[in-house]
Amino acid sequence: MKRTNELIVALAVLAVVTVITWGLFAVGDNMPRGVTPFSKDVYHLHNTVLGIVTVIGILVFTAMFTSVVVHRKSKGYEPAKFTHSTKAEITWTTIPILILIVIAIPATSVLIDMEDTGGAEMNVKITGYQWLWKYDYIEDGISFYSALDRDSNRARQIGSGINPRDVDNYLLEVDNRLVLPTNTRIRFLLTADDVIHSWWVPELGWKRDAIPGMINEAWTYIEEEGVYRGQCAELCGKDHGFMPIVVEAVSPEEYRRWVEAQGGEVAMEPEEHPGFVGRDRASGSDEQPEESAETINIAVLEQG
Amino acid sequence: MSNATTANHDDHHDHHPTGLARWLFTTNHKEIGTLYLVFSLIMFLVGGAMALVIRAELFAPGLQLVNPEFFNQMTTMHALVMIFGAVMPAFVGLANWMIPMMIGGPDMALPRMNNWSFWILPFAFTILLSTLFMPSGAPASGWTLYPPLSLQGGNSLAFVILSIHLMGISSIMGAINVIATILNMRAPGMTLLRMPLFVWTWLITAFLLIAVMPVLAGAVTMLLTDRFFGTSFFDAAGGGDPVLYQHIFWFFGHPEVYILILPAFGIISEIIPTFSRKRLFGYTAMVYATATIAFLSFTVWAHHMFTVGMPLGAQLFFMYATMVIAVPTGVKIFNWISTMWRGSMTFETPMLFALGFLVMFTIGGLSGLMLAIVPADYQYHDSYFVVAHFHYVLVTGAVFAIMAGVYYWLPKWTGHMYDEKLGKIHFWWSTISVNVLFFPQHYLGLAGMPRRIPDYAIQFTEFNMISSIGGFAFGFAQLLFAYIVWKCVRGGAPATAQVWEGARGLEWTVPSPAPLHTFDTPPKVDDSVTAHKDELS
Ligand SMILES: [Cu+2]
Ligand SMILES: [Cu+2]
């Protein structure tokens, strides 16, 4: 009698928990699939792990709520006496270990792939400043700063009177976009001038910290043309929320035309940049960012 | 067990000062426990008010209320106040009240130090909160105080570091006291494997505290000398390394996560058996799982820093080690459900909060497993997904367990039953609103919203609005909690000694309210009185 009771309740609870879970998936956003082989791997890995933990969660909640519904004092349920079951305890230690191994295998291979930054066809150095980015195209000799665009910057001031909804790509537009060719293996070298920043474009599948005095590496291979937007992800001071990233992926031919149009222009100082949002930190920094940037360029080229 | 064992020995203890002096000079574990709990509730409301400033600013895109600098001060202070001011002191308060009564000891082992370790805290937090009014403002670099950003602030950094040192001293003294009490003050027959799980989890937590608080002290002292005395531990230009700070900080920070959750596991392990009218399933396994989690917590710190650019081997190590923690944590959840299974359950407020904990802590634990997967963490890291994760673990985990514990033991402390109807309203109101508050943050993070930003792109608007509405609803629910506690202190239906039909353990053998001095004569302990039984012996 009681056994059937438990089973029927369990099935009903399972149905309810599943519907709620399905609803939570239906109303929300998921991670973007992205436009690089790595981002797609990450997306699949994310979905796999999310699927596994969802099933675990559903089973745990089903057991729990079945008990809550059936094993009540108000239904005259007498408490059992058991406090131990070696078999059950071995099962629920072993099965999670097996599940973890199943997750660890693809996670390891995707990670190994990401960490292999060799074979780059071009190199871009990314430097974080409070609060803009600098991009150096090492082979093509192009270098520029990229900061929040004027419209967003005007609208974001307290009491600006401008409705952010009226601004195109509010907070996700820059004055100078990072133009990159598709179907090209691009290596990024990330560093920072002042504090730690983190360069994140979700469609590329990763973020990587830009740390003063260190160079981090990452790579991408963009398969689809388009405009991809991101933001600084590491708290870097008052305007941390206002240093977006915009990648414009174009065909390799179009990219060559863009390079030629730049005409070997040299980057200006961040302060001279029209999009510069301010560097009113207490200490201020009077070292020349250019100097350290150049040293790094040379070091990178020597490395090959 | 009878009241005879708990008779007051008034002849030693009748020189009690009254009024303010009573609280200033008290060395009684119950009074100090009350001080800790009241302090923690005040800090919880202060930290909550800061959270509401954050949620109000994030209600709509554009900056409406505060400037970005102040917003960063709010996120930083909210975390410091909640972690060091609300959650940790609440657990110490519960330890003070309950550990001596649970092990049949007359008081904490080191009562004068107990007084001192509490009274440091109001000074520490006065110093911390005073930085809000300093010209350079409160710290705004996040509670992790990562250099170089934290070194850009003004002189208030020195005050913040001093307050962290004071909190650390207080925690270490509290931990020493807990260890000394548990190892020396147990009643005859209260063997280690007869101790309630709350006592076990606190014993292990106390060792974690002693191990890692000095590490935090070292890290912030190096910040202090970097900022004010010209050293360059964390400055690359002087031969230092900003990432070194992160390693040291998280060597403290990850065990700290378990300092905030292990006592919660203990509370839940007391409450579920009581309201299931069935002994805890797998007591010994629970003890070993707790110890395993504590040990592993020293080996996973760098999972907070997968994006700093570590070698592949290190990333793999920290990923695997983090995943392994899921196993003992799973054991705990399965054991709690097995305790409920075929019990005879009733659903008073403490049990409701324990069940809420069980569901929502599981959600937080499962998202934690996702965060361990390094390539996926490259997306999740520093996004709202992380914010959702740790609030599920800390608010619906640690804070819900504390509330469960307060409702569970309140009748023992005050001698009155709290208002059960209001307690249930508080539970449902909190549970619904806290999910409205934090669940949408998973979506925001996956959609690409970074954490610690005062303003956001238009596509994040809806879920931020929902989250803010949940935030305000959850915040006001806690005023109801404060009212319920206050009302219960003032009066209510008288509580029996056992209070709950299914309650077992020494603390339920003394009258309610528990007299100022309990177990001056040690009780005799055997399996018939203990809450749990080591089923292997
Ligand atoms: Cu930033
Ligand atoms: Cu951690």
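This dialogue goes through the interface of chain B and chain A, then a surface patch, in a predicted model.

Me: How many residues of chain B are in contact with chain A?
Reply: Start with the residue count on each side. Here 101 residues of chain B touch 92 residues of chain A.

Me: What area do chain B and chain A bury between them?
Reply: Look at the total and at the atoms behind it. The two chains bury about 7,900 Å² between them, with 69% of it on carbon and sulfur atoms. On the chain B side, 10% of the buried area comes from B:Arg342, B:Tyr378 and B:Gln379, more than any other three residues supply.

Me: How many salt bridges and polar contacts does the rule find across the interface?
Reply: A salt bridge is counted when a side-chain nitrogen of Lys or Arg lies within 4 Å of a carboxyl oxygen of Asp or Glu. The rule finds two across this interface. A:Lys73 forms a salt bridge with B:Glu501, where the closest N and O atoms are 3.1 Å apart. As for polar contacts, 25 residue pairs are found across the interface.

Me: Which helices of chain B each supply at least two residues of the side that touches chain A?
Reply: Among them are H4 (68-103), H12 (349-372) and H16 (461-490). H11 of chain B gives the most, with 16 residues. By type, this side of chain B has 62 nonpolar, 26 polar and 13 charged residues.

Me: Which residues form the nonpolar patch on the surface?
Reply: They are B:Leu45, B:Ile425, B:Trp429, B:Phe476 and B:Leu479, with about 440 Å² of accessible area together. H15 and H16 of chain B each supply at least two residues of the patch, and B:Phe476 lies in H16.

Definitions and conventions. Residues are numbered from 1 along each chain as its sequence is written. Chains are lettered from A and ligands numbered from 1 in the order in which they are written. This is a predicted model: local features need pLDDT of at least 70, side-chain atom pairs count only at pLDDT 80 or more; totals for chains, interfaces and linings use all residues. Side-chain values use heavy atoms; hydrogens and water are left out. Contact means heavy atoms within 4.5 Å. Buried area is the accessible area (1.4 Å probe) that two parts lose on being put together, summed over both. A polar contact is a pair of N or O atoms within 3.5 Å; within protein, one must be able to donate a hydrogen and the other to accept it, and residues adjacent in sequence count only if both atoms are side-chain atoms. Helices (H or I, at least four residues) and strands (E, at least two) are DSSP runs, numbered from the N terminus. Ala, Val, Leu, Ile, Met, Phe, Trp, Tyr, Cys and Pro count as nonpolar, Asp, Glu, Lys and Arg as charged, and the others, Gly among them, as polar. Patches are made of residues with over 30% relative accessible area and no salt bridge: like charges are joined within 9 Å, nonpolar side chains (Val, Leu, Ile, Met, Phe, Trp, Tyr) within 5 Å. Accessible areas come from the Shrake-Rupley method with a 1.4 Å probe; for residues, only the protein chains shown count as cover.
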